Amino acid sequence: MSEGGPKPSSSVKLVLLGEAAVGKSSLVLRFVNDDFQENKEPTIGAAFLTQKCNLPNRTIKFEIWDTAGQERFASLAPMYYRNAQSALVVYDLTKASSLTKAKHWVAELQRQASPGIVIALVGNKLDLTTQSTGLEGSMGGLSLSAAANSGADGDDDEEEEDARQVTTAEAKGYAEEEGLLFYETSAKTGHNVSEVFTAIANAIPESTLKTRGGPGTGRGGAGGSSGDTFGGTGGVNLSAAGETNKDACAC
Amino acid sequence: MEEHDPVEDLKKGFDVVVMGTGLTETILSGILSVEGKRVLHIDKNPYYGGDGASLKLSQVFAKFRGETSKSTNDPKDKDWNIDLIPKFLMADGELARILRSLQQVQDNVQFQQIEGSYVYRAHSGGILGLGGHSGVIKVPSNALEAATSSLVGILEKGRLKKFLEFVANYDDKSGPMYQGKNLDKELMKTIYDQFGLETATRDFVGHAMALYSDDGYLNLPARPTFNKIRLYASSVAMYGSSPYIYPLYGLGDLPSAFTRLSAVHGGTYMLNTEVLGFEYGADKKVSGVKIKFEDPKHDGQFIDLVINTSRVVAAPEYVPEGKKKVPTGQNVIRAICVLKHPVKDAGDNSQIIIPQSQIGRKNDIYIAVLSDKHHVCPKGYFLAIVSTIAERGDNPQDELKPAFELLGAIEEKFMGNASILWEPADSVEIEDFDNIFVSKSLDASSHLESCTDDVKYLYRCMEGKDLDIDDLKKTASAE
Ligand SMILES: Nc1nc2c(ncn2[C@@H]2O[C@H](COP(=O)(O)OP(=O)(O)OP(=O)(O)O)[C@@H](O)[C@H]2O)c(=O)[nH]1
Ligand SMILES: [Mg+2]
């Protein structure tokens with residue numbers, strides 16, 4: 001790896017949200033290890049993983065927080081996403097109810113998380129659909145790239161053999177209304193996975209990056225407003241001892 | 001995916017079922033999970049923290065006034081995190097020590113110092129003596145500060161300095177014998193006498209440094225008081241101006257952080273879950289708990305389920321009065337006050353103690369003052385949460401009056417009924433103990449030291465050995 005001078009590098013907390021089994025952990029596994037497991041067990045006990053994302057003029061180090069199973073019975077603590085600068089809200093595009101759940105999480109993030117949070121809505125398991133968008137009847141063969149889609153007033157009827165239950169148009173329309181990034185992905189094939197993370201990295205405003213604390217200072221707040229926690233007066237670093245083991249397991 | 005059905009998973013049973021997500025319970029379930037136990041943690045509320053939760057302003061309106069619509073649509077509502085039970089952490093106390101050894105909890109919660117610790121001093125006998133210099137004075141944190149504090153007279157300064165140096169040089173590890181005195185025998189009163197300290201000085205040493213809320217300690221052996229004064233001093237020494245630290249976003253973030261620790265170590269969490277009852281085996285020990293909860297797969301559908309377990313940890317509200325819990329006799333009254341100004345002479349985040357002696361009471365009144373610096377209210381607002389042990393049944397409003405007068409104009413004041421402090425009624429020592437371990441209510445003190453005492457006590461009862469915090473650190477980081 002060549003390093004053309006010291007690029008600024010910042011840590012960004014990214015949280016995963018979404019119904020059980022939509023593929024949250026699989027997306028991370030694909031992004032971090034470029035791997036996929038056919039029968040991945042439900043997440044119980046993941047802490048977090050880190051992965052760098054190199055942009056032309058800066059490096060973003062994602063601290064990716066998986067839900068550790070606390071959402072299985074709808075028991076996630078707001079603390080989990082409060083200081084997040086970015087969130088991946090995932091649904092399974094072969095399961096309509098998972099989009100409803102995703103919308104619930106988006107609303108919750110908008111209510112509770114930092115105002116500047118970057119949210120990406122991700123429809124996963126694209127490989128399970130035979131056609132690309134669920135709108136073929138009216139739209140013709142659209143490309144797999146969700147970002148290329150436009151025009152939402154199609155015929156919502158699904159083709160018999162297609163497992164897709166959420167059309168691209170429906171989810172994309174919703175994402176636009178709410179100001180979310182939107183992608184359809186497959187953790188299985190890797191389609192669009194790194195694109196999601198790069199898009200998030202690009203969307204994080206520079207201003208929210210500067211104020212992050214150094215190693216061992218705990219998680220800084222999102223947004224500049226709370227960033228003075230550890231730099232300014234009164235901030236307390238409980239373990240002045242320093243570096244922490246961040247690269248914990250994800251199951 | 002059939003074998004990963006969460007309900008099927010519940011049916012496998014648990015080593016421990018924990019009821020209530022207050023701080024005591026969540027620290028315990030965090031520790032037990034780290035140690036590899038299979039833990040199920042239940043709360044009947046839809047939020048974490050139990051009585052020790054931090055609520056939004058809209059939730060506070062709903063709770064105290066039944067006004068459900070009030071300010072829920074206010075975009076600033078999320079900026080409020082109002083503690084139902086305000087407490088601070090001693091920077092060098094046990095809870096901070098536990099937190100230091102659990103990096104994963106620290107990852108989730110940030111602390112900030114409380115800037116000052118103040119004590120109220122009435123002049124010419126009583127708060128109504130408006131003519132004098134009644135007001136709050138900063139508590140000296142060490143011998144040096146004591147020597148310059150306006151709390152004590154010129155002659156007294158030398159005596160106080162001597163006394164504090166004497167206490168500072170004591171080391172509890174070398175036992176009760178200290179400079180010819182047996183601190184397990186000698187009463188605190190006697191030691192004060194030996195140093196010739198005035199009543200007013202004893203008052204602030206005992207109440208503002210050792211943090212006793214009444215004068216009972218005077219007639220008890222001196223050793224615990226020495227240790228409390230030393231804890232105060234070593235806590236101040238850690239970060240500066242006060243011995244206290246406090247989590248951003250309210251105290252309620254602490255239970256949340258411990259639930260995350262537990263979950264990361266395999267703990268299962270269920271909020272909004274009603275406990276229908278306990279099941280017992282032939283040996284009269286608990287064998288399971290019956291719960292009612294919403295099916296994760298079918299919104300709005302509820303399931304009754306018996307979950308097998310051989311041990312239960314329960315907050316007092318999950319067990320009936322009588323066999324399992326009794327009132328301690330202490331009831332706490334608290335008032336949440338919203339201000340639009342900092343408290344005069346005490347800054348925008350501080351603890352103010354109004355010693356009982358200054359206002360003719362038996363128990364001190366505490367005021368926790370917080371601002372947007374700790375992310376508990378929007379900019380421009382201040383929270384002052386007042387609490388004391390009730391001494392009369394009739395008029396709690398009146399009992400807190402000296403505090404309200406200190407606060408000046410109060411925008412909103414929320415007061416509920418006095419809350420009963422509970423303690424467990426039975427113990428492991430009894431022959432037919434049912435293996436349901438009940439925690440104590442969070443006490444009336446201004447800090448969390450007694451909470452960690454309870455954690456250690458319950459741990460010892462459950463595991464038959466002392467909690468080894470250093471060992472925990474090794475286990476937690478060996479992931
Ligand atoms: N075909 C296909 N299967 C996928 C894809 N992503 C995940 N899966 C499968 O879906 C199942 C659930 O994936 P996980 O990554 O464990 O889902 P999760 O959202 O982390 O689930 P929880 O941790 O239980 O909340 C696993 O069997 C995966 O192999 C995908 O893109 N395509
Ligand atoms: Mg997962």
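**The site around ligand 1**

Tutor: A polar side-chain atom of A:Glu71 sits 2.9 Å from an oxygen atom of ligand 1. This is a predicted model, and the distance comes from its coordinates. Two further polar contacts belong with it. In A:Ser26, an N or O atom of the side chain is 2.6 Å from an oxygen atom of ligand 1. A:Glu38 uses its backbone: an N or O atom there lies 2.6 Å from an oxygen atom of the ligand. On its own, ligand 1 has 640 Å² of accessible area, and the protein covers 95% of that.

Now the shell. It holds 24 residues around ligand 1. A:Ser26 and A:Glu38 are among the closest, along with A:Gln37, A:Thr43 and A:Asp127. Sorted by class, the shell has nine charged, eight polar and seven nonpolar residues. Helix α1 of chain A, residues 24-33, gives the most to this shell, with three residues.

Next, confidence. Chain A averages a pLDDT of 77, and 69% of its residues score at least 70. Residues 136-159 of chain A stay under 50, and the model has 37 contacts for them beyond four places in sequence. The pLDDT is also below 50 over residues 241-251 of chain A, a stretch with 26 contacts beyond near neighbours in sequence. Where pLDDT is low, the predicted coordinates should not be read in detail.

Chain B averages a pLDDT of 90, with 95% of its residues at 70 or above. Its residues 125-131 fall below 50, with 11 contacts beyond near neighbours in sequence. The chain is divided into three domains. Domain 1 takes in 6-53, 249-324 and 425-478. Domain 2 takes in 66-83, 111-136 and 326-423, while domain 3 is 140-241. Between the centres of domain 1 and domain 3 of chain B there are 38 Å, taken over C-alpha atoms.

For the model as a whole, ipTM is 0.79 and pTM is 0.87.

Conventions
Residues numbered from 1 in each chain as written. Chains lettered and ligands numbered in written order. Predicted model: local features only at pLDDT ≥ 70, side-chain atom pairs only at ≥ 80, totals over all residues. Heavy atoms only, no water. pLDDT = per-residue confidence, 0-100. Contact = heavy atoms within 4.5 Å. Near = heavy atom within 4 Å. Polar contact = N/O pair within 3.5 Å; in protein donor to acceptor, adjacent residues only side chain to side chain. Areas by Shrake-Rupley, 256 points an atom, 1.4 Å probe, with all protein chains shown as cover. Helix = DSSP H or I, 4+ residues; strand = E, 2+ residues; numbered from the N terminus. Nonpolar A, V, L, I, M, F, W, Y, C, P; charged D, E, K, R; others polar. Domains from an automatic or database assignment.
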